[in-house]
Amino acid sequence: MTAPTPEEQRYHWAEGNKYALEALKALLWLNGGSAAALLTVFGGSHPHPISPDFGRAILSFAIGAAFSVFMFIWAYRTELRYARKGIYENSRWVNRGAYAVMVAALAGFLCGLWYAYGAVTTALGAG
């Protein structure tokens with residue numbers, strides 16, 4: 001197998017950045033949309049008992065959304081560092097940090113789902 005040409009490398013780098021950007025958007029939509037959906041369910045005209053899990057779910061989604069926004073900033077800084085310094089060992093910590101922020105945003109979403117499940121089952125069980 002031959003090594004890719006610089007043009008092929010630039011093409012794949014650009015395409016990879018497009019997919020990464022869509023993943024960033026998806027995490028922001030998941031966290032923000034989930035919080036909005038939960039608020040819609042519990043904010044309707046029919047009163048529902050509110051458990052502490054409701055607040056925890058909203059907080060988890062908010063944390064996930066905040067990390068999603070922070071991830072956009074981190075991705076920009078990563079690209080800026082690569083453009084200035086190139087890809088070498090000292091720049092890779094920036095890339096690894098971006099993955100850590102992404103995992104934190106995903107963890108916020110998953111924790112929010114867990115707490116939302118508890119809040120909804122409490123509301124349905126009491127109804």
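Hi everyone, let me start with the helices: α1 and α2 cross in a left-handed way, meaning that the near helix is turned anticlockwise from the far one by less than a right angle. Before I go on, this is a predicted model, where local features need pLDDT of at least 70, side-chain atom pairs count only at pLDDT 80 or more, and totals for chains, interfaces and linings use all residues. Residues are numbered from 1 along each chain as its sequence is written, and side-chain values use heavy atoms, with hydrogens and water left out.

Helix α1 covers residues 6-42 and packs against α2 at an angle of about 160°, the axes being 9 Å apart. That makes the two roughly antiparallel, a label for angles over 145 degrees. Their contact is made up of 19 nonpolar, six polar and two charged residues.

Now for the rings. How many aromatic pairs are there? The count is two, taking ring centres within 6.5 Å and calling planes under 30 degrees apart stacked, over 60 edge-to-face and the rest tilted.

F61 and F109 make a tilted pair, at 6.1 Å centre to centre and 40° between the planes. F61 sits in helix α2 (residues 52-85) and F109 in helix α3 (residues 92-126), so this pair ties together parts 48 residues apart in sequence. F61 is buried at 2% relative accessible area (buried is under 20%, exposed over 50%, partly exposed in between, with a 1.4 Å probe and protein chains only), and F109 is buried too, at 11%.

F70 and W74 are edge-to-face, with 5.7 Å between centres and 70° between planes. They are four residues apart in helix α2, about one helical turn. F70 is partly exposed at 36%, and W74 is partly exposed at 22%. Thanks, all!

Conventions: Phe/Tyr/Trp six-rings, centres within 6.5 Å; stacked < 30°, edge-to-face > 60°. Axes fitted to C-alpha atoms, helices over the stretch in contact; angles between N-to-C directions. Parallel < 35°, antiparallel > 145°, perpendicular 65-115°, else oblique. Nonpolar A, V, L, I, M, F, W, Y, C, P; charged D, E, K, R; others polar.
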